[in-house]
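Please read the following note alongside the sequence and the structure. It is set out as numbered points, each on one topic.

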Amino acid sequence: MHAQEPTGITEALAASPSLDGHGDLVRDMAAALAREIIEGELPSGYQLTSAELGRRFGTSRTPVREALGVLQREGLVEIEPRRRPRVATLSLSEVRDLYEIRAGLYALIASAVAERTPDAEIALLADPLARLRQARDDGDVQAYFYATVDFRRVEAAICPNRRVGPLMDSLGLRTYRLRSFGLSLPGRLEVSCRDYGYLVDAYQARDSGLAQAVTRSLMSKALAAIEKHWNRLAEPVSAARLDPVPSD
């Protein structure tokens with residue numbers, strides 16, 4: 001049972017061109033599998049067979065393969081010739097690149113919000129911030145993660161620069177997986193929640209420089225935590241699970 005429905009995942013998929021031409025069944029399967037990968041239930045290298053997933057979702061292999069194709073385009077699944085699809089394994093250099101891009105885009109958002117967003121719209125961040133604090137107090141990592149997703153989506157929505165939100169979405173769900181893992185590490189909820197509070201304070205004070213500094217600090221601390229515990233995220237399931245197999 002999950003503390004909160006992963007609406008951020010569904011919204012991210014809905015905004016993605018990866019789902020163009022696909023129906024509700026493919027959308028639902030992709031969202032369910034994305035959540036399990038993001039929350040760590042399906043680890044790096046885990047094999048995803050069409051037959052098993054077809055039985056699980058009560059459908060044929062064709063919609064399953066379509067859903068896996070969506071997740072491949074979102075960076076969550078790898079599909080190679082003569083191997084079963086499996087949960088993608090990221091390299092540390094790829095992770096560093098993603099965080100560099102995110103830091104730059106979030107700094108752009110922070111500057112625009114602090115300088116040009118009306119007070120009434122900045123006030124919309126109060127609800128996700130309150131949920132962040134409640135999840136931190138409860139020690140509920142997944143509820144905290146989904147509250148950060150909502151915070152960032154509200155932040156992008158109120159940003160006067162309307163181009164930056166779609167750019168963030170274009171990074172795909174692979175960033176959610178990293179964020180969820182990073183927040184599960186020791187001490188991360190307290191540090192992250194404190195910094196989100198500082199960020200809202202900077203917005204309310206109209207301090208663009210501070211807002212940019214805080215959001216870059218959020219990114220650098222998250223990356224440092226991931227780097228420190230990289231083996232836990234990058235280590236695939238047993239090597240036997242990754243042997244070449246006939247296509248199913």
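Predicted model: local features only at pLDDT ≥ 70, side-chain atom pairs only at ≥ 80, totals over all residues.

1. Helix α3 spans residues 50-57, and Ser50, Leu53 and Gly54 are buried in it. These residues lie on the same side of α3, because they cover an arc of only 105° around the axis.

2. What do the buried residues of α3 pack against? Their partners are α2 (24-38) and α4 (61-73). After α3 comes Gly58, which has a positive phi, near 65°.

3. Helix α8 (residues 141-158) and helix α11 (residues 188-204) have axes that come within 12 Å and cross at roughly 20°. Because angles under 35 degrees count as roughly parallel, α8 is described as roughly parallel to α11. The crossing in which α8 passes α11 is left-handed.

4. On the α8 side of this contact are Val141, Tyr144, Thr148, Phe151, Arg152 and Glu155; they meet Leu189, Ser192, Cys193, Tyr196, Leu199, Val200 and Tyr203 of α11. By type, the residues of the contact of α8 with α11 comprise nine nonpolar, two polar and two charged.

5. Apart from neighbours within four places in sequence, Glu155 is in contact with Tyr106, Ile109, Val113, Leu125, Leu199 and Tyr203.

Definitions and conventions: Residues numbered from 1 in each chain as written. Heavy atoms only, no water. Buried < 20%, exposed > 50% of the residue type's maximum accessible area, 1.4 Å probe, protein only. Helix = DSSP H or I, 4+ residues; strand = E, 2+ residues; numbered from the N terminus. Arc of directions from axis to C-beta. Contact = heavy atoms within 4.5 Å. Axes fitted to C-alpha atoms, helices over the stretch in contact; angles between N-to-C directions. Parallel < 35°, antiparallel > 145°, perpendicular 65-115°, else oblique. Left-handed = near helix turned anticlockwise from the far one by under 90°. Nonpolar A, V, L, I, M, F, W, Y, C, P; charged D, E, K, R; others polar.
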